[in-house]
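Reader: I have the sequence and the model open side by side. Could we walk through the strands and the helices that pack on them?

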Amino acid sequence: MAAPKPISRLISHVILDLDGTLLNTDSVVSKVVKPFLVKNGKLWDSKKAHKLVGKTPYEAAAVVLEDYGLPYSTEEFLSMINPMFSEQWCNIKPLPGANRLLKHLRSNGVPTALASNSPRSNIESKISCHQGWKESFSAIVGGDEMEKGKPSPDIFLEAAKRMNTTPSNCLVIEDSLPGVTAGKAAGMHVIAVPSVPKKTAEFSTADEVINSLLDIRPENWGLPPFNDWVEGTLPIEPYFIGGPVIKGFGRGSKVLGIPTANLPAENFSDVVSEHTSGVYFGWAGLSTRGIYKMVMSIGWNPYFDNTEKTVEPWLLHDFDEDFYGEELRLAIVGYIRPEANFPSLESLIERIHEDGRIAEKALDLPMYAKYKDTPYLRDPLQQGSTTDGSQAELNSK
């Protein structure tokens, strides 16, 4: 996560992108495009999805047609696919930190605009599904209202104009390279929140690069700070995952000296896509042993450069024996920090232990301790928002 560059004046207005910044639109894109491709004898390649980020609908359609060799014009493709997307707008979930940020800006009277390459009607439909969102914006600018979309600066300049402010007063928050380029070309300060994993280095033109909206620090830009961090932790809406413990790769014990549990991304794809990478904490239940404090990472573990996004819990307890085959259930209740790379294995181990100390202390607070009694930790059938049929790989001793 790159530190913010010094600014010469304080920010008074914020301009937000929508898809990939506030909303997890990627999950719906694959849900719609994948079956369409199958009907046309093609297979969806998730590795090509990054090509669609930051594009206008017309540009994105052209990319799909070219990549998969579909026998349609761009107009024909859009006429077929747009109704399928419209049915899914209200199924798009906010990205972690989106509701928190909008509520914070609105409650502190910070004028905020929404500027997206999507058509205005699509923007209106999407935000209408989320309580309080429409009222959070003093201006909304759609891509179809401008002659040129991002990376042209026009859409951001128009947003500033509608808020009656100058570009230098504005802070843009964007997930795509075209959006960052547009914001800088408009003479605005830009925070990049890359929606494509492991691409931080490509956003060097942004004034700051953060891992997710959970990591935004408004005070760095002269805006009112959040006041919801508690002893180095951020409370989040709890979520629950679990599965039987099986043998993993042993990296946690053998390399780090820390027995961690691995939950492969393919078994938890919905949960992994909904929750940003980073270090979290909560409670872990083992069916025959009890409930323990735990700290966990979600992501690619930059030091080891994982090729897949994983979930790796560390139960903060010394076990005398392995417990392969037992049911492991997790209640994730708080956030500590974004993923980070480390210059050495020793510094990584030191930071993991620090995360453990933070989690150990925080879980004694009543706001977190109450989740120890969550029925799911003892009976997974008691909690609806779980991941079914998955297995946990535990690198225990």
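Reader: Which residue in β11 is the bridge partner of Gly299?
Author: In this predicted model, Gly299 has Thr310 of β11 as its bridge partner. That bridge belongs with the pairing of β10 (residues 290-299) and β11, two strands that run antiparallel and are joined by six bridges.

Reader: And how many residues of β11 are buried?
Author: Six of the six residues in β11 (residues 310-315) are buried, so the strand is mostly covered by the cut-off used here, under 20% relative accessible area. The cover extends to both faces, with Thr310, Glu312 and Trp314 buried on one side, and Val311, Pro313 and Leu315 buried on the other.

Reader: Switching to the open sheet, what's the strand order?
Author: The six strands follow the order β3-β2-β1-β4-β5-β6, with parallel pairing. Because β3 (139-142) and β6 (208-209) stand at the edges and have a single partner strand each, one side of each is left without a neighbour in the sheet.

Reader: Which strands does α6 lie across?
Author: Helix α6 (residues 154-162) lies across β1 (13-16), β2, β3 and β4 (170-174), and its direction is at about 155° to β3. Helix α7 (residues 177-185) also packs on the sheet, where it touches β4 and β5 (189-192) and makes about 165° with the direction of β5.

Key
Residues numbered from 1 in each chain as written. Predicted model: local features only at pLDDT ≥ 70, side-chain atom pairs only at ≥ 80, totals over all residues. Heavy atoms only, no water. Pairing = 2+ DSSP bridges. Helix = DSSP H or I, 4+ residues; strand = E, 2+ residues; numbered from the N terminus. Contact = heavy atoms within 4.5 Å. Axes fitted to C-alpha atoms, helices over the stretch in contact; angles between N-to-C directions. Buried < 20%, exposed > 50% of the residue type's maximum accessible area, 1.4 Å probe, protein only.
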